[in-house]
Amino acid sequence: MDKIFDNTKVAFALKSDSELDRAYFLFKLIDNEPLVRIGTAVTNFALKAHLPVEKLIRASVFDHFCGGVSEDDCVPVMEKMYTKGVCSVLDYSVEGKEDEAQFDSALEKILKIIQFAKEKDAIPFAVFKPTGFGRLDLYKKVGRKKLLNFEEHQEWDRVVARYEAVSKLAFELNVCLLVDSEESWMQDAADDLVTRMMKKYNKVKPIIFNTLQLYRWDRLAYLKKIHEQAKQENFFIGMKLVRGAYMEKENNRASAKGYKSPICATKEETDTMYDDTVAYMIENIEQMAIFAGTHNELSSYKLMQLMKEKGLKTTDNRIWFGQLYGMSDNISYNLAEMGYNVAKYLPFGPVRDVMPYLIRRAEENTSVAGQTSRELMLIKKERERRKLNDN
Ligand SMILES: Cc1cc2nc3c(=O)[nH]c(=O)nc-3n(C[C@H](O)[C@H](O)[C@H](O)COP(=O)(O)OP(=O)(O)OC[C@H]3O[C@@H](n4cnc5c(N)ncnc54)[C@H](O)[C@@H]3O)c2cc1C
């Protein structure tokens, strides 16, 4: 890979020395798996008991991984990143709310973000989570084609109306819209809805993007099926490609309930599935657009190579690389420096409501699961470089 992602001067150009020190300290803490488990349990308890821990969370994990509490807080962060060619995807990261008022307020937020995105080149995409618009159990029931009672029918109609409202506005304002993916047991119903939106609003170009979690062994076959449908019914496919964030939950549920896990048996199989799917999409890029959401250097590099082989420009607007704010700046900023399209998810929301998101980030960064050692190594390298250069 020629160490193309190792240029730490580029990677951390926007970080002051003290911000770099804070990042080092944070990743050092996260690197310790037992500490993350204990820290998570204590934090959850403290929040439930209404202990005043929000300040502490803000000063540590929150400010590293989030743009702020509101979209306005995110503006300076977003503008700063854009000076280096890195765009933002404002991600309203409130999770685990299950009432209609919350779903409607999430809808209002996303509509506002789409409008906001229309005015800012630094925000090429809006995004939402399926469970931000409806109850997980309802998705599950619809996906399994279970009979809904009268109230559930009405409830589902409201979920569909929310998808319709954001998709229509995204189409009218020409702002691409990403839909995240979640647990496999609710995903079928979300997939059907997003495909309906693609069919309706992706007639001229990909505006609506679904997400494929490539830790699932059935996803490339699923993409091929949607591709057949798209060819017959004439619409473009937009896909965010990720490996998937709910592996432990998926495997635990499958073994508790005694069904075959939807997750690939090994990390290597997931990696192959990811890279094969990227290759399939590049092969069929005439009808597709890719948002490669990954912190994996090799997968990012392979996509760069495929673009080169196919003669695609680095700036081809059908291909985007995406990372999460606070992670893998070495990939984001080096790619942007080379002229590729890059957008970082910039989460925001009230501190306690963003906790599920933060906990997922902490868990996936532990020494067991994650790439923390790489983050630490790069931060260390940059601190040393600055010391030597006296800047
Ligand atoms: C911009 C962006 C958007 C995202 N959106 C979503 C989303 O909508 N839905 C979602 O679920 N996640 C999402 N994620 C998170 C993503 O799914 C991954 O959890 C995260 O990016 C880590 O994977 P990786 O490709 O970066 O890197 P890697 O570190 O190379 O891969 C780690 C991943 O590999 C898989 N894996 C690890 N061990 C095994 C094993 N033993 N067997 C099989 N597979 C294994 C897991 O998926 C794990 O998360 C998003 C990530 C980004 C950057």
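This is a predicted model: local features need pLDDT of at least 70, side-chain atom pairs count only at pLDDT 80 or more; totals for chains, interfaces and linings use all residues.
Residues are numbered from 1 along each chain as its sequence is written, and side-chain values use heavy atoms, with hydrogens and water left out. Here is a friendly tour, starting with the sheet.

**The sheet**

- Eight strands form an open sheet with parallel pairing, in the order β1-β8-β7-β6-β5-β4-β3-β2. Helices (H or I, at least four residues) and strands (E, at least two) are DSSP runs, numbered from the N terminus, and two strands pair if DSSP finds at least two bridges between them.
- The edges belong to β1 and β2 (125-128), each with a single partner strand, so one side of each has no neighbour in the sheet.
- From one strand to the next, the twist averages 30°. For angles, axes are lines fitted to C-alpha atoms, for helices over the stretch in contact, and the values run from 0 to 180 degrees between N-to-C directions.
- Strands β4 (residues 208-213) and β5 (residues 237-242) run parallel and are joined by five bridges; Thr211 has Lys240 in β5 as its bridge partner.
- Five bridges also link β5 and β6 in the parallel sense, with Gly238 opposite Ala289 in β6.
- Between β6 and β7 there are four bridges, again parallel, and Ala292 stands opposite Phe321 in β7.

**Strand β6, covered on both faces**

- In β6 (residues 288-293), six of the six residues are buried. Buried means under 20% relative accessible area, exposed over 50%, and partly exposed in between (1.4 Å probe, protein chains only).
- In a regular strand the side chains alternate between the two faces of the sheet.
- One side of β6 has Met288, Ile290 and Ala292, the other has Ala289, Phe291 and Gly293, and all of these are buried.

**Helices around the sheet**

- Helix α5 (residues 71-82) has twelve residues and spans 16 Å from first to last C-alpha, close to the 16 Å expected at 1.5 Å a residue. The expected span is 1.5 Å times one less than the number of residues.
- Buried in α5 are Glu71, Cys74, Val75, Val77, Met78 and Met81. Their cover includes β1 (87-92), α6 (100-119), α15 (329-337) and β8, where contact means heavy atoms within 4.5 Å.
- Helix α9 has 24 residues and reaches 35 Å from its first C-alpha to its last, close to the expected 34 Å.
- Helix α10 (residues 184-201) lies across β3 (176-179), β4 and β5, and runs at about 150° to β4.

- Just after α9, Asn174 takes a positive phi of about 60°. Asn174 is in the loop between α9 (150-173) and β3, and counts as partly exposed at 45% relative accessibility.
- Ser328 is not a glycine either, yet has a positive phi of about 50°. This serine is in the loop between β7 (319-324) and α15, and is buried, with a relative accessible area of 1%.

**A buried lysine**

- Lys344 is placed in strand β8 (residues 342-348).

**Cysteines**

- The whole structure has zero disulfides, a disulfide being a pair of cysteine sulfur atoms within 2.5 Å.
- For Cys66, the nearest cysteine sulfur is that of Cys74, 8.4 Å away. Cys66 is buried, with a relative accessible area of 3%.
- For Cys87, the closest cysteine sulfur is in Cys176, at 12 Å, too far for a bond. Cys87 is buried as well, with a relative accessible area of 8%.
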